[in-house]
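Here are my notes on the model you sent over. Have a look at the structure first, then read the points in order.

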Amino acid sequence: PRTQESVDVLVSGHTQVNCLGRSVFDYAEGEARTSGIEWLCRRIHVESIDDSNQKGRKKLVAELQADKQQAWVSAYQRLDTSVPVPQNRIEGVPMKFIPATTRGDLVVRKGVKVKGAAELLVSVFTR
């Protein structure tokens, strides 16, 4: 059976500055900000473990495992954006799940593969 649980990962402004050099909200809206958020999301380690409070159930444990990557901004700026994108590219749409306790405005939502889990739907909200 699949684990149907959710878990929050709070990435403080201090952690964002330590990892990216500045807050993701200091990047311009659009591709630059989305890339910064995706960089952080790729470094979230998720593990499904037995829940000690509820026998026979599982719970998710998620942790950001990221160190400062000074080359991130320069690597992003070296990307070749001149390659044309196909107009009719196929894009998957994952099932959307929004916990009832969600607060803030949605910044980005994306399905990502994360070490320790098959595929997750990551939603980033302002608080």
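1. Start with Ile37: leaving out residues up to four places away in sequence, Ile37 touches Val24, Val107, Val108 and Val124 (contact means heavy atoms within 4.5 Å). Bear in mind that this is a predicted model, where local features need pLDDT of at least 70, side-chain atom pairs count only at pLDDT 80 or more, and totals for chains, interfaces and linings use all residues. Residues are numbered from 1 along each chain as its sequence is written, and side-chain values use heavy atoms, with hydrogens and water left out.

2. The largest nonpolar core has 14 residues, and Ile37 is among those touching the most other members, along with Cys19, Leu20, Trp39, Leu40 and Val124. Such a core is a set of buried Ala, Val, Leu, Ile, Met, Phe, Trp, Tyr and Cys residues joined through side-chain atoms within 4.5 Å. At least two core residues come from each of helix H1 (13-20), helix H2 (31-41), strand E3 (106-114) and strand E4 (117-125); helices (H or I, at least four residues) and strands (E, at least two) are DSSP runs, numbered from the N terminus. H2 gives the most, with five residues.

3. H2 is largely enclosed by the rest of the structure, because nine of its eleven residues are buried. Buried means under 20% relative accessible area, exposed over 50%, and partly exposed in between (1.4 Å probe, protein chains only). Among the buried ones in H2 are Arg33 and Glu38.

4. How many salt bridges turn up in the whole structure? The search finds one, between the side chains of Asp50 and Lys58 (3.0 Å, N to O). The cut-off is a side-chain nitrogen of Lys or Arg within 4 Å of a carboxyl oxygen of Asp or Glu. Asp50 counts as exposed at 58% relative accessibility, while Lys58 is partly exposed at 38%.
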